[in-house]
Amino acid sequence: MAQRVHRPREDAEFSFILGMSGVPVLAYFIGTWPKAIEPCRVMDLVVGGIADDCAGRLTVVRADITRCPAATERYGITGAPSFVLLKEGEAVAHGAGPMTSTEVRTLLDGHL
């Protein structure tokens with residue numbers, strides 16, 4: 001059974017997941033410093049629901065900013081939680097901060 005949310009341990013694994021995805025990718029960047037932990041945990045629930053609802057049409061990747069610094073820099077991530085929607089490897093939408101399910105789905109609109 002496929003993972004519902006991929007959790008790469010490093011940049012190479014992040015890149016591998018992106019390269020293997022034949023559908024758009026929602027890259028969800030989390031932080032592990034004290035002020036980021038709780039908002040990111042809340043977003044885990046939102047993102048998990050979206051991953052379930054969009055299975056087969058969207059790949060979801062949860063990347064720790066400290067473990068994937070090259071990806072963090074490449075997509076201009078400056079805080080957590082942050083979102084980047086990638087289509088064929090190119091960023092097509094961005095979002096930052098805690099978001100509702102509706103807000104994240106709006107980010108996806110027209111891209112799936």
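**Entry 1: salt bridges**

I began with Asp52, which forms a salt bridge with Arg4, the closest N and O atoms being 2.8 Å apart. By salt bridge I mean a side-chain nitrogen of Lys or Arg within 4 Å of a carboxyl oxygen of Asp or Glu. A note on the source: this is a predicted model, where local features need pLDDT of at least 70 and side-chain atom pairs count only at pLDDT 80 or more, while totals for chains, interfaces and linings use all residues. Residues are numbered from 1 along each chain as its sequence is written, and side-chain values use heavy atoms, with hydrogens and water left out.

What does the pair of Asp52 and Arg4 tie together? Asp52 lies in helix α2 (residues 34-53) and Arg4 in the segment before α1, so the pair ties together parts that are 48 residues apart in sequence. I take helices (H or I, at least four residues) and strands (E, at least two) as DSSP runs, numbered from the N terminus.

I looked up accessibility too: buried means under 20% relative accessible area, exposed over 50%, and partly exposed in between (1.4 Å probe, protein chains only). Asp52 counts as partly exposed at 45%, and Arg4 counts as partly exposed at 45%.

The structure holds 5 salt bridges, and I noted two others. Asp53 forms one with Arg105, with the closest N and O atoms 2.5 Å apart. That pair links distant parts of the chain, Asp53 in helix α2 and Arg105 in helix α4 (residues 101-108), 52 residues apart. Glu13 forms one with Arg9 at 3.6 Å between the closest N and O atoms; Glu13 is partly exposed at 22%, whereas Arg9 is exposed at 58%.

**Entry 2: aromatic pairs**

I searched the whole structure and found 3 aromatic pairs. Rings of Phe, Tyr and Trp (its six-membered ring) pair if their centres lie within 6.5 Å; planes under 30 degrees apart count as stacked, over 60 as edge-to-face and the rest as tilted.

The rings of Phe14 and Phe29 have centres 5.9 Å apart and planes at 40°, so I logged the pair as tilted. Both Phe14 and Phe29 are buried. For Tyr28 and Phe83, the ring centres are 5.3 Å apart and the planes at 15°, so that pair is stacked. Tyr28 lies in strand β1 and Phe83 in strand β3, so they tie together parts 55 residues apart in sequence.

**Entry 3: backbone**

I found a cis peptide bond joining Ala80 and Pro81, with omega about 0°.
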